[in-house]
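Trainee: I would like to learn how to read a protein model. Could we go through one together?

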Amino acid sequence: NYINVLVVFFAIGIPIADTSWAIIRRAKSRVPLFKADRKHIHHILLDNGYTQKKALIFIYEISCLLGIFSVFLACIYYI
C-alpha cells in the first residue's frame, strides 16, 4: 500500500532526502559514493552561519513537522 510508504518516507524524510541527494550528486559528478564532502544539510546550515546547536534544532524541527505530517496522513487514511 502506497500510504504506508509515504508515512515512512515523511517520518524519516530528512535522512532519506540527504542521503539520496548525496548519492545523486556524487554519481552525477563521478565522485566515489563513499567520499566525504561538506554538502550535507547540516554542513550547508553551518556554512550559512548557523551554530551547531541552531542547525541541530532546525533539523529537529523539520523532522518533527514531517513526523506530525506522517501521523496526520496515516490517521486520515486509516480512520
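Trainee: In which helix does isoleucine 23 lie?

Mentor: Helices are DSSP runs (H or I, at least four residues), numbered from the N terminus. Isoleucine 23 lies in helix α2, residues 13–28. Before we go on, this is a predicted model: local features need pLDDT of at least 70, side-chain atom pairs count only at pLDDT 80 or more, and totals for chains, interfaces and linings use all residues. Residues are numbered from 1 along each chain as its sequence is written, and side-chain values use heavy atoms, with hydrogens and water left out.

Trainee: How many salt bridges does a search of the whole structure find?

Mentor: Side chains of opposite charge can pair when their charged atoms come close. A salt bridge is a side-chain nitrogen of Lys or Arg within 4 Å of a carboxyl oxygen of Asp or Glu. The search finds three. One of them joins arginine 25 and aspartate 37, at 2.9 Å from N to O. Arginine 25 lies in helix α2 and aspartate 37 in the loop between α2 and α3, so this pair ties together parts 12 residues apart in sequence. Aspartate 37 also forms a salt bridge with arginine 26, at 3.2 Å.

Trainee: Why does the count of disulfides come to zero?

Mentor: A disulfide is a pair of cysteine sulfur atoms within 2.5 Å. The sulfur of cysteine 64 has its closest cysteine sulfur in cysteine 75, 15 Å away, which is too far for a bond. The count is therefore zero.

Notes
Helix = DSSP H or I, 4+ residues; strand = E, 2+ residues; numbered from the N terminus.
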